[in-house]
Amino acid sequence: IDRETITVLSVIAHAVGIAINNTKASSSVLWEAIHDDLTGLHNRRYFNDRLIDEVDRAKRYGGSISLLLADIDYFKKVNDTYGHSVGDAVLVWLGSMLRNKLRKTDLVARYGGEEFAIILHNADQAKSFEIAENLRRAVQESVLPDDESVAITISIGISTLGEDAGSFQGVMNRADKALYMAKSMGRNRVCRI
């Protein structure tokens, strides 16, 4: 290979290297924009966008979707008793448990501090209640893998598009009210309004 060809190939290789690095950086920024740093689950912004899309799709083509809002009971007590590093471990563990107990088509997100939101596809009121109760029971019957003295429970509020509400905001409001009801009734339960 002559010197001129080597120079041309070097310029092309350099440009390809820059393009690859830019693609990696862009991909990393996109991942960080839609995921929660701690749990690796999707974040609230991404979840809300998806829920809006799923509500529109369900209204246009039929099908049912349900929204579950889950909150860790007495999470402040976990942080106060065991420290914030254990609290973080609980959030990571619960996020992983929720993701692993659901179907691949369902979406789990960290919605707030100790609150998780879940979109269940093709789940009417009865099916969503069954899924939520199974999740609640699984959490109640488990302990934090690295510290068996740490046990938590969750409260869950449910809303189903079409049966409980007819819009994104309606589904969100009903699930939020149902979660509040579950907490006010003593926690560690599933409620629907």
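Let's start with leucine 107, which lies in strand E2, residues 107-110. Strands here are DSSP runs of E with at least two residues, helices are runs of H or I with at least four, and both are numbered from the N terminus.

This is a predicted model, so local features need pLDDT of at least 70 and side-chain atom pairs count only at pLDDT 80 or more, while totals for chains, interfaces and linings use all residues. Residues are numbered from 1 along each chain as its sequence is written, and side-chain values use heavy atoms, with hydrogens and water left out.

Is leucine 107 buried or exposed? Buried, with a relative accessible area of 6%. Buried means under 20%, exposed over 50%, partly exposed in between, using a 1.4 Å probe and protein chains only. Leaving out residues up to four places away in sequence, leucine 107 touches His42, Tyr46, Phe47, Arg50, Arg99, Ala117, Ile118 and Ile119. A contact is heavy atoms within 4.5 Å. Leucine 107 and isoleucine 118 sit 11 residues apart along the chain, and their C-alpha atoms are separated by 5.4 Å.

Now the core. A nonpolar core is a set of buried Ala, Val, Leu, Ile, Met, Phe, Trp, Tyr and Cys residues, joined through side-chain atoms within 4.5 Å. The largest one has 31 residues. Which touch the most other members? Ile72, Val90, Leu94 and Ile156. H4 gives the largest share, seven residues. Apart from this core lies another, of 18 residues, including Ile65 and Ala165.

Last stop, helix H1. Isoleucine 6 lies there, within residues 3-34. Isoleucine 6 is partly exposed, at 45% relative accessible area.
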